[in-house]
Amino acid sequence: MSYPRVASLKNGESFRRHLSDSSIELPFAEEVGTGPQSPLGSSIEVHGQSIGNRFCILPMEGWDGTTEGKPTDLTRRRWQNFGLSGAKLIWGGEAVAVRHDGRANPNQLLINEANLGEIASLRDELVNTHADHFGDTNDLMVGLQLTHSGRYAKPNDKKRPEPRVVQRNVVLDRRVGVEDDSAILSDDELSQLIDDFITAAVAAERAGFTFVDVKHCHGYLGHELLAGVDRPGRFGGSFENRTRFLRDIVEGIRGATSGLHVGVRLSVFDFVPYCPGEDRVGIAEPDSEPRKTFGGNATGDGMDLSEPSRLITLMKEIGIRMVCTTAGSPYYNPHIQRPAFFPPSDGYQPPEDPLRGVARQIAAVAELKKRHPEMTFIGSGYTYLQDYLPNVGQAVIEQQMADSIGLGRMVLSYPELPADVIAGRDWQRKKVCRTFSDCTTAPREGIVSGCYPLDPFYKNREEREWLKAAKARLQK
Ligand SMILES: Cc1cc2nc3c(=O)[nH]c(=O)nc-3n(C[C@H](O)[C@H](O)[C@H](O)COP(=O)(O)O)c2cc1C
Ligand code: SF4
């Protein structure tokens, strides 16, 4: 598999030539506009509130909370950086567990009475940082992402999976050590969990968040429920049953809060799990089950948007207006979720030009936006576009293929990107994320996440040496 690095495509013309030679379809604006009237600088309105521009900061956790689930200085720095980015939509900050057994790692934030003041202060510090740099915060919208990690729960020990699953799955069970049905959450346990989400949402409203994201992506519990075709009972089998969890949570939140809005981060399509094949290039794992992918087709590595589109119709009916789109899972098919040139330590070499992965997510969202024009769609997976992110982002907005451009990894390496683009300031090339994946490899090796290659703050931390040693060990 050979394809050029994006950094080697020296101008827009060579980038576009590469796209055309590779039959990769991406929209592209030659000139990126600046100022509040420009495509990326213009505002949108959702739930009667103005969101001041078309950049959104995607949720990104750092595996850096305390074991009680409170933020640390590292967490605070990340949220402050989100505030100074200039983006006017903050989608969730990071995944926050609604209860202990749902934490993806022992350092994931946990929302409860004891931690609420500190979680509220994360939001306040983000808003204050934004105010210090940009003045107006009336057009800044901040939500909190609520999660239960389900199959990927590791609440007590970084190295010990304690999965709670929806249904058995040959490949994924093997990966997280599920050997019998005892890991399956019962219907009663799911009903209790619905109450926990509602309690967490009430707390989030008290902490000042405008909305909560009831997370349904990346292989975590909400997402796995959507694919629970083999699960018997109230939460499995039919589309109606598989979406009951979301419906009941939203109904409960409506009854228990006064003005809190609800959004959903959704993996809008999924592929089967991938594994390293020859030369470590990713291949679909042989005994995987395509029917257990939500938004996947029968081949296991293609999309079928009919159920995701049906879900968005349902969301509309229950008053949801914002969908933050993503795809697949960082655990079992990272190339479709966060396209990268360099895979994380537990990954595989990209089976395709990562630009194809970017284009796939953009096309899926464009199709859903076409079918549901009244919904607000946030796109993800743009970081791999690197120097051409603003050109593609602007074209996506101009062509109404999405409403907001979500930024993940790029904002770890280059937090001021949205503000620089909208103000027309010089592009800071040295800060552009080149998808080295250290921010994913570090937590996989038990080290706090951060942009070790490019952010001087992480470059100078002792964990960088540990990360280097871990990578050297893995390469042997
Ligand atoms: C270090 C790291 C932490 C992440 N944490 C979360 C999270 O807490 N919740 C979530 O929904 N997605 C999380 N993601 C996924 C991102 O939000 C985003 O979907 C992904 O990085 C692709 O966007 P990008 O190409 O702009 O990086 C994380 C990604 C990274 C790299
Ligand atoms: S470590 Fe930095 S450069 Fe590497 S993928 Fe993460 S944000 Fe990008």
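Two strands pair if DSSP finds at least two bridges between them, where strands (E, at least two residues) and helices (H or I, at least four) are DSSP runs numbered from the N terminus. The exercises below concern a predicted model, in which local features need pLDDT of at least 70, side-chain atom pairs count only at pLDDT 80 or more, and totals for chains, interfaces and linings use all residues. Residues are numbered from 1 along each chain as its sequence is written, and chains are lettered from A and ligands numbered from 1 in the order in which they are written.

**Exercise 1. Determine which strands pair with β14 and in which sense they run.**

Solution. Begin with strand β3 (residues 55-57), which runs parallel to β14 and is joined to it by 3 bridges; within this pairing Cys 56 stands opposite Gly 406. Turn next to strand β13 (residues 376-379), which is also parallel to β14, with 2 bridges between them. Here Ile 378 has Ser 404 as its bridge partner, and Gly 379 has Ile 405. Between β13 and β14 the chain passes through helix α12 (residues 389-398) in a right-handed β-α-β crossover, meaning that, with the strands pointing away from the viewer, the path from the first strand over the helix to the second runs clockwise. Finally, follow β13 to strand β12 (residues 322-326), with which β13 pairs in the parallel sense over 3 bridges, Val 323 standing opposite Phe 377.

**Exercise 2. Decide whether the faces of β13 and β14 are covered or open.**

Solution. In a regular strand the side chains alternate between the two faces of the sheet. Apply the burial criterion: a residue is buried if 20 or more other C-beta atoms, placed from the backbone, lie within 10 Å of its own, exposed if 12 or fewer, and partly exposed in between. In β14 (residues 404-407), Ser 404 and Gly 406 on one side and Ile 405 and Leu 407 on the other are all buried, which leaves both faces covered. The faces of β13 are both covered as well, with Thr 376 and Ile 378 buried on one side and Phe 377 and Gly 379 on the other.

**Exercise 3. Locate Leu 407 within the largest nonpolar core.**

Solution. A nonpolar core is a set of buried Ala, Val, Leu, Ile, Met, Phe, Trp, Tyr and Cys residues joined through C-beta atoms within 7 Å. The largest has 127 residues, and Leu 407 is listed with Cys 56 and Phe 197 as having the most contacts inside it. Helix α5 (residues 187-206) gives the most to this core, with 9 residues. As a further step, list the neighbours of Leu 407 by contact (C-beta atoms, placed from the backbone, within 7 Å): leaving aside residues up to four places away in sequence, they include Phe 55, Cys 56, Ile 57 and Tyr 382.

Definitions and conventions. Two residues are in contact if their C-beta atoms, placed from the backbone, lie within 7 Å.
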